[in-house]
Amino acid sequence: MSLTYDPDAALAPLEFAVTKNLAAKSPAERDALLAAPAFGTAFTDHMVDICWSVRGGWHRPRVQPYGPISLDPAAAVLHYGQEIFEGIKAYRHADGSIHTFRPDQNGRRLQRSARRLALPELPVEYFLQSIKELIAVDGAWVPSGEDQSLYLRPFMFAKEAFLGVRPANKVAYYLIASPVGAYFKGGAKPVSIWLSEDYARAGKGGTGAAKTGGNYAASLLPQAEAYEQGCDQVVFLDQDRNVEELGGMNVVFVYKDGTIVTPQSDSILEGITRDSILQLAADRGHKVEGRAVSLTEWREGVASGDIVEVFACGTAAVVAPIGELKGTDFIDEQPLGELALSLREELTDIQYGRREDRHGWLVRLDEA
Ligand SMILES: *Cc1c(COP(=O)(O)O)cnc(C)c1O
């Protein structure tokens, strides 16, 4: 058996069996849900699933009515957390067409996450096909309001009923979708960040670089602590007191000479929003660096005026300026500038088709 996907092997497209949802929402019900979508609370009428087994490889690709999954209570994911996911959006352009953003990057990252979690690697072609299949039946769910999109959530988990500890021999891939508006209420207003001193989200050699539920499970208690402190989000440090990232967003620092620096380490999730923002900044002539940034460099840089802006970024919230860093014995006001919001605007203009897509990042979803 091989868990490794050979990118050079020619792949025939999957033949999805489509079962229409007979209880699909009416256009009026759907429009009501699309009018003011709260993040991740409403879902479209259908979902995609593909099975994987050691013997059969990827098989039984289906589009079926959205609904509960039946799972054996001994399914490995429920005990050992062998699970990974992705987050990507579909955007409606002014002409009605539907596009997604750099899906090859999400597909490849799902493969890297799979490797780390000893799950099978879904071919990137199948990943993209799953998105197109869902949009083919649920395209009407892609909202057209300002800052609205259809959030796509691909995920994969160990479904084999077996309490022994080893990679599961049976796995399921699913794709569900949820219409969303702006992630933070109040738009791109600056967020306050709680510095987690007692907890880490990841460690050296751990799963920090994989998009896996366990990392989020580890971040929930410190995130609750952040709320208690009146903060919106939590930032994590590594064992050397270098800045890692927020629970689900990367961090970017802007220096007064225009240099843009983002923390880099093996335990940070490589964000596609971050990569795109840094590319847009480089196109504008900014010097861009990925390297370790210590907490001391952050605090002293802000105090001296060397750091002129700090922001967080990720698919769900796009770009969020950081307005405050709070620790157990300090509160540092963060300088606010124009760059974060200007890069956010450029990126969303590309995603919504309002500006030329010069890097070829968009992929149209609503035609063959
Ligand atoms: C998904 C995620 C991000 C952001 O990645 P994007 O590709 O930009 O959405 C950052 N950090 C963590 C931990 C994540 O799970």
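## Ligand contacts

A polar side-chain atom of T315 sits 2.6 Å from a ligand oxygen. Taken alone, the ligand exposes 380 Å², and the protein buries 97% of that. Those areas come from the Shrake-Rupley method with a 1.4 Å probe; for residues, only the protein chains shown count as cover. T273 also reaches the ligand: an N or O atom of its side chain is 2.6 Å from a ligand oxygen. For R109, a polar side-chain atom lies 2.8 Å from an oxygen atom of the ligand.

This is a predicted model, in which local features need pLDDT of at least 70, side-chain atom pairs count only at pLDDT 80 or more, and totals for chains, interfaces and linings use all residues. Residues are numbered from 1 along each chain as its sequence is written, and side-chain values use heavy atoms, with hydrogens and water left out.

## The shell and the pocket

There are 15 residues around the ligand. K211, Y216, E245, T273 and T315 come nearest. A residue is near a molecule or strand if one of its heavy atoms lies within 4 Å of it. By class, the shell holds 4 nonpolar, 7 polar and 4 charged residues. Here Ala, Val, Leu, Ile, Met, Phe, Trp, Tyr, Cys and Pro count as nonpolar, Asp, Glu, Lys and Arg as charged, and the others, Gly among them, as polar.

The ligand takes up the space of the largest pocket. A pocket is found on a 1 Å grid over the protein atoms alone: it is an open set of points with protein on both sides within 12 Å along at least five of seven lines. A molecule sits in a pocket if more than half of its atoms lie within 2 Å of its grid points.

## Strand β11

E244 belongs to strand β11, residues 243-246. E245 is in strand β11 too. Strands (E, at least two residues) and helices (H or I, at least four) are DSSP runs, numbered from the N terminus.

E244 counts as buried because its relative accessibility is 1%. Buried means under 20% relative accessible area, exposed over 50%, and partly exposed in between (1.4 Å probe, protein chains only). E245, at 2%, is buried as well. The side chains of E245 and N250 are joined by a polar contact of 3.5 Å. Such a contact is a pair of N or O atoms within 3.5 Å; within protein, one must be able to donate a hydrogen and the other to accept it, and residues adjacent in sequence count only if both atoms are side-chain atoms. E244 is 50 residues from S294 in sequence, with 9.2 Å between their C-alpha atoms.

## Positive phi

Most residues other than glycine have a negative phi. D147 has a positive phi near 60° and is not a glycine. D147 lies in the loop between α4 (124-138) and β7 (149-158). Its relative accessible area is 31%, so D147 is partly exposed.

V318 is another non-glycine residue with a positive phi, about 65°. V318 lies in strand β16, residues 318-327. V318 is at 10% relative accessibility and therefore buried.

S97 is in the loop between β5 (88-92) and β6 (98-101). S97 is buried, at 3% relative accessible area. S97 and D366 are 269 residues apart in sequence, yet their C-alpha atoms are 6.6 Å apart.

W58 is found in strand β3, residues 57-65. With a relative accessible area of 17%, W58 is buried. W58 and L122 are 64 residues apart along the chain; 7.9 Å separates their C-alpha atoms.

E125 is in helix α4. E125 is partly exposed, at 38% relative accessible area. Between the C-alpha atoms of E125 and Q105 the separation is 12 Å, for 20 residues along the chain.

Methods: 1 Å grid on protein atoms, 1.4 Å probe; cavity = no way out; pocket = protein on both sides within 12 Å on 5 of 7 lines; lining within 4 Å.
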